[in-house]
Structure formats: C-alpha cells, structure tokens
Amino acid sequence: MEPLILAQGLTKRFDSFTAVDGVDFAVYPGEVLGFLGPNGAGKTTTIRMITCTSPLTAGTLQVFGLEVSRHPRQIKAQLGVAPQENNLDPDFTVLQNLTIYGRYFRLPRREIQRRAADLLDFVQLTEKAHESVGKLSGGMKRRLILARSLLNHPRLLILDEPTTGLDPQARRLIWERIRALRQSGITVVITTHYMEEAEQICDRVLIMNQGQIIAQGSPAELIRQHVGGEVLEVIPEDGDEPAILKEIQGRCLYQRLGEKFEIFASDGTAVLERLKSQVRFVSYSIRRPNLEDVFLRLTGRDLHE
Amino acid sequence: MNRGSFAASAARRLWVPHLSSRAWLVWRRDFDVFRRLFWVNFAVPMLEPILYLLALGFGLGIFVKEIYGVPYSRFIAPALVSVAIMYGAFFECSYASFVRMYYQKTFDAIIATPINLEEVVAGEILWGATRSTINATVVFFVVSLFGLTSPFLLAGILPLAFLGGFLFASLGMISTALVPAIEHFNYPFFLFVTPMFLFSGTFFPIEILPRALQTVSFALFPLAHLVRVTRALMLYRLDLDLLWSLLWMAGVALMAFLLSLYLMQRRLIK
C-alpha cells in the first residue's frame, strides 16, 4: 500500500536548536496514527512540516506522493487541519466560520451550505449555528474546529492535540467522533501527550522524545515489548525498603514513586508470592501496564533495573 | 551539505512571492466583517470631516483670507479626503491586521487551506486600499454637501484613493511585520504618521516650509504627494507635473508591497 505520508531523514533546526532530528516514518491509508511525546518533543513541528506551513531543514517529506516544498497547494486542498490553538474567527458566527472557510477552498456556495449543515450535525452544534464563537465552551470550540477541518472532505486529517485542556466528557465526545471518522475510512494523524488518548483511538503510535522517534507500534505491541505483562504495585512497611530492593534489584524492572514501588513483570502474582515471604506490605495490587509505563520506561525517567 | 538543506537555503536566498486571485478570498473575509459592522464603519468616518470642517474650515478659516485664491474650507477639503485615505488603510493594515495575525490567529487558519501567506497579506492590503476608498468616498460626499467640491469629481477620487490606500496599506503591513507587540505601533504612528499628517501641505501650503523641509516632505511623505494631486483635482488645477507625484506613489507602493510580503514571510514562516 502506498503511504499517504512518507518522511525520510526529516529534520528541522531553529538556529542551533534541533526540533526534529532526522526522523523516518510512514502513514498508511485508513489508520489512526498518534504522535506521542512530552511538550517540546517535536510533534507540532513535524505536523507543521506536514501541513506545508514550515519549511524543512533537511530530508524529504511527501504527502499524497507529492513533495511538500513543491506542491503545497495540491496537498493542502486534500488535507484537513485542526491546529492546537483555537483559531476560529471571532468576527463571525458558528455557521459563518464554516461557510467562510469553505470559500478558501473555492467550493461552490450551495455545496458549502450543504456540507456546513451536515458537519454541524456531525459535531452536535446545529443549535449553536447562529451563536457567536465567543460564546462557545472550550469543548464546543474544539468540535467546531473539527467540523471546519472536514469541510473540504480531506483524505487525511491532522489533529494537533485535539483534546488538550478539555474536561473528560468533552474529551470522550471528540474521541467518539474521531472513531466515527475512522469508520468512514479517513486517515487520521493526531498528536497528544495523553497516553490514555493514544490507547483509546490510535491504531499505531510513534513515541517521540527530543526530536527523535524512539519507538513505534500498536499500543498493545509497545506495551508487550517494553514493559511485559503486569505491573505489581506495592507499598512496603517502614524499614522494609532494603528487603524489597534486595529482592528486585537486578532481577526486575521497577520504578519508585514516593513510598510506592511499581514492578514490571510477566507474571506479577509469582513475584508477589516470592516477595511476601521476605517483606511486609502496607498494600499491594496488580494492574495491567499501559502506554504511560512504556513511555516512562523509554524516556528513562526514574526507572531502575 | 545534503540536497535537502541546499534546496531549502536556495529557496531562502531567492524569495519569490506566489500570488494568485485567491488573495480576493481573503479580501472577501474582511469585507464580510465590515458589512456586519456597517454602521459603526460608516457613521464614524462621516463624523470626522464634519468636525474638522467646523473647527478648521469655518473656525480657523475666519482668520485666513484665502489660500491659492480659494476660501480656507475649500483649501483643506482635499486634505481631509487625503487624510481619510491615509488613516483608513494605515490603521486597517497595522492595528487591525496585527489583531487578526497575532491575537485571532486568522492568518494561521487561512494558510492551512490552499491559500498561501503572500495571498493572505495581499488580500489584507487590497482590503486596506478598499477601506481607504470607502472612507474617502464618505468624506468626499460630506465636503460636497458643504458645497466645497463638485460630486462629479468622485470619478477621479476613486482611483486616487485606491492607489494611495494601497500605498498606505503596504506601509502599515510593513510595520505589522516588524513590531514585536501591539504597543510598538506608537513608533510608526507618532514618528511617521503624525508628522506626515501635519507637514504634507494639509492645513497650510507646503511652499511655506523652508526649501529643505519641502524636499524632505516630498521625499519621505506619501501624503504630501497625495494631497498635491487630490488638491489639484478638486481645485481644477491639473497639470503634467502631477505625473511625477503619481509615478512616485505608484513606485513606492509597489516597493512597499513587495517588502511587506517579504517581511511577513520572514516573520511568520519559521
């Protein structure tokens, strides 16, 4: 299958700072791909190069098989972009925000009206059509931006931190809409620093850190590869830390969060049984690992072996 | 150096603006906002020339006999039209464009579509020139109501207003590309626009100024040329010498336009 996006040695430098450091990746039709990473990892810079709004320093980047530096208009005509910052037009109503945006794509007036009505319905804003955008809540603004990014019926949708700053309910509504879009066959690239978001909606995840892609795969694969089957969380009684350290150091991957130990193991129960004979616990529990564990392991924060 | 970075640096050296009729889509957006606020936009520019005419033309005019053989109010009427052209475009492409660019992120939203940044900037400048033409028409209408000019001359005022407006819009856009924050517009306004407003032959004949200052005025102040041509038109004193002023304005307008495109590109495309 031909990739929709193909990046090779993609690099972006700002003076002496390297924001994106020679990354290679591909995005295939029909998938929801997530760029995951902390603030400053290079996610948004990568997105800005894909959307033809920031020139590359080095490497190549093709979208729809076209070079971004040479065919920005053709690419942007088929791209839907929902930026991180709300840049709705405060001078207009909700509906006008869509109709005026549709004009930028030179769509016929009738067609714009029809699509705008459908999209307001899709993001559940039909009742707000004639409100000024200043009166919308944060979640509604994000939904309107999502609707706006779909006006040109894009082949590829780019969502830069679509739910940052939203409450859980508003966030779930956006996720649900993204899943509906995926069902309809649209390819989606999202950036996020919420691990839960990536697990919920992405087929595949690229983990970025300091301008580089440090791992990629489906959320389940990444978890299996990098942290194994289970996470044992234990709080030992006062004075028993040396005992627990003696048991796990050199044998298991673990991290300490205050007085709590998180121990990664393929069989958490077996490790717990072994520890129980040596250590007294205030509490213990076993949970499934998540992407956050993968991320913490890969970026090496507070992890010991 | 590999091929990618070579191409990128070559593109930076050889900057060429890519313009198309899409600029008018940006113009349409600004025009739609104007229509929404029609009365605020229409009534306010109407008020200003009336106040100037009352205070200067009829107040100060009592002490001024005649200038160029016409009453003082007829002398300043073309200046009021010219000043409306200047402020209309300069304000639109400085404060108003800056708000759209910096606070509302309107430019960012538009360049995610097939429209590029040069077309956004060109659309803003075309809109600034249109604002000048609208404001000039309002002021012209007011001064002709006071019997200070003939309504038929509007046909000459319109293209003049668009040319002058395009020039001041481009200058405003250059300042928008350069100011770090909105407060810094005080520099172009107080160091350039205000002296230009006072020393361009607006309220007294430019010939009164010492020779050297006249030269400075005509070298630096587009308004001096605009007032000169507008006044010649409204007092029926056209001559071939005015072509120099028209050429000067057209040339500076073109250079300022290209410079503003380049500077905005440098500011926003990183």
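In the predicted model examined here, the centres of domain 1 and domain 2 of chain A, taken over C-alpha atoms, are separated by 41 Å. These two domains divide chain A into residues 5-223, which make up domain 1, and residues 229-288, which make up domain 2. Along its principal axes, the C-alpha trace of chain A spans about 75 × 45 × 35 Å. Eleven helices and 15 strands are found in chain A, and of its 305 residues, 43% count as buried. Among the contacts in chain A with a separation of 6 or more, 69% are accounted for by residues 24 or more positions apart.

One sheet of chain A is open and consists of six strands, which follow the order β6-β7-β8-β3-β9-β10 with mixed pairing. At the edges of this sheet stand β6 (79-82) and β10 (212-217) of chain A, each of which has a single partner strand, so that one side of each is left without a neighbour in the sheet. From one strand to the next, the twist averages 15°.

Within this sheet, strand β3 (residues 32-36) of chain A pairs with strand β8 (residues 187-192) of chain A in the parallel sense, over five bridges. The bridge partner of V32(A) in β8(A) is V188(A), while L33(A) stands opposite V189(A) in β8(A). The pairing of β3(A) with β9(A) is likewise in the parallel sense and runs over four bridges, with L33(A) standing opposite R204(A) in β9(A). In regular strands, side chains alternate between the two faces of the sheet. In β3(A), both faces are covered, since V32(A), G34(A) and L36(A) on one side are buried, as are L33(A) and F35(A) on the other; the strand is accordingly described as mostly covered, with five of its five residues buried.

Helix α5 (residues 138-149) of chain A lies across β6 and β7 (156-160) of chain A and runs at about 165° to β6(A). Helix α11 (residues 291-299) of chain A, in turn, lies across β3, β9 (204-209) and β10 of chain A, and runs at about 35° to β9(A).

A further open sheet of chain A has four strands in the order β2-β1-β4-β5, and its pairing is antiparallel. The edge strands of this sheet are β2 (17-27) and β5 (66-67) of chain A, each of which pairs on one side only. Strand β1 (residues 5-14) of chain A is joined to β4(A) by five bridges, the two strands running antiparallel, and in β4(A) the bridge partner of I5(A) is V63(A). Helix α1 (residues 43-50) of chain A lies across β1, β2 and β4 of chain A, running at about 115° to β1(A).

The largest nonpolar core has 156 residues, of which I158(A), L80(B), V81(B) and I125(B) touch the most other members. Helix α4 (residues 72-103) of chain B gives the most to this core, contributing 18 residues. From chain A, the core draws at least three residues from each of domain 1 (5-223) and domain 2 (229-288). When residues up to four places away in sequence are not counted, I158(A) touches I47(A), I50(A), T51(A), L79(A), G80(A), V81(A), A82(A) and V189(A). Of these, V189(A) is also the residue of β8(A) that stands opposite L33(A).

The contact between the chains takes 26 residues from chain A and 26 residues from chain B. On the side of chain A that touches chain B, the elements that give two or more residues are β4 (58-63), α2 (72-77) and α3 (94-104) of chain A. The most is given by α2(A), with four residues. By residue type, this side of chain A divides into twelve nonpolar, eight polar and six charged residues. Strand β4(A), one of the elements named on this side, is also a member of the four-stranded sheet.

Notes. Residues are numbered from 1 along each chain as its sequence is written. Chains are lettered from A and ligands numbered from 1 in the order in which they are written. This is a predicted model: local features need pLDDT of at least 70, side-chain atom pairs count only at pLDDT 80 or more; totals for chains, interfaces and linings use all residues. A nonpolar core is a set of buried Ala, Val, Leu, Ile, Met, Phe, Trp, Tyr and Cys residues joined through C-beta atoms within 7 Å. A residue is buried if 20 or more other C-beta atoms lie within 10 Å of its own, exposed if 12 or fewer, and partly exposed in between; C-beta atoms are placed from the backbone. Domain bounds come from an automatic or database domain assignment. Two residues are in contact if their C-beta atoms, placed from the backbone, lie within 7 Å. Ala, Val, Leu, Ile, Met, Phe, Trp, Tyr, Cys and Pro count as nonpolar, Asp, Glu, Lys and Arg as charged, and the others, Gly among them, as polar. Two strands pair if DSSP finds at least two bridges between them. Axes are lines fitted to C-alpha atoms, for helices over the stretch in contact, and angles run from 0 to 180 degrees between N-to-C directions.
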